[in-house]
Amino acid sequence: MAETKKIALYMVIVFALYTIITSPARAADLVQIGFEGISSAAQGVGKFMTQLVN
């Protein structure tokens, strides 16, 4: 099982490097979309906590 996880991790790393090298603009867009998603989720949690306190 650990061997499968290692192989999957290596495949993800190779894919990420390939994407960055072949299309840096697209890779930057994907990173930006990811950070926007994390930001939206954090804002949602903040609003939820605020509503719980009030």
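Student: Which residues is Thr19 in contact with, once its neighbours within four places in sequence are left aside?

Tutor: Thr19 is then in contact with Pro24 and Ala27, where contact means heavy atoms within 4.5 Å. This is a predicted model, in which local features need pLDDT of at least 70, side-chain atom pairs count only at pLDDT 80 or more, and totals for chains, interfaces and linings use all residues. Residues are numbered from 1 along each chain as its sequence is written, and side-chain values use heavy atoms, with hydrogens and water left out.

Student: Why is Thr19 called buried?

Tutor: Buried means under 20% relative accessible area, exposed over 50%, and partly exposed in between, with a 1.4 Å probe and protein chains only. Thr19 has 17% relative accessibility and therefore counts as buried.

Student: Why is Ile21 called exposed, and why is Val45 called partly exposed?

Tutor: Ile21, which is placed in helix H1, residues 2-22, has 68% relative accessibility and so counts as exposed. Val45, which lies in helix H2, residues 24-53, has 47% and so counts as partly exposed. Helices here are DSSP runs (H or I, at least four residues), numbered from the N terminus.

Student: Why is H1 said to lie largely in the open?

Tutor: Of the 21 residues of H1, one is buried, so the helix lies largely in the open.

Student: How do you know that the reach of H1 is close to the expected one?

Tutor: The expected span is 1.5 Å times one less than the number of residues; for H1, with 21 residues, 30 Å is expected, and the helix reaches 30 Å from its first C-alpha to its last.

Student: How far apart are the C-alpha atoms of Val45 and Leu17?

Tutor: These C-alpha atoms are separated by 32 Å, with the two residues 28 residues apart along the chain.

How values were computed
Helices (H or I, at least four residues) and strands (E, at least two) are DSSP runs, numbered from the N terminus.
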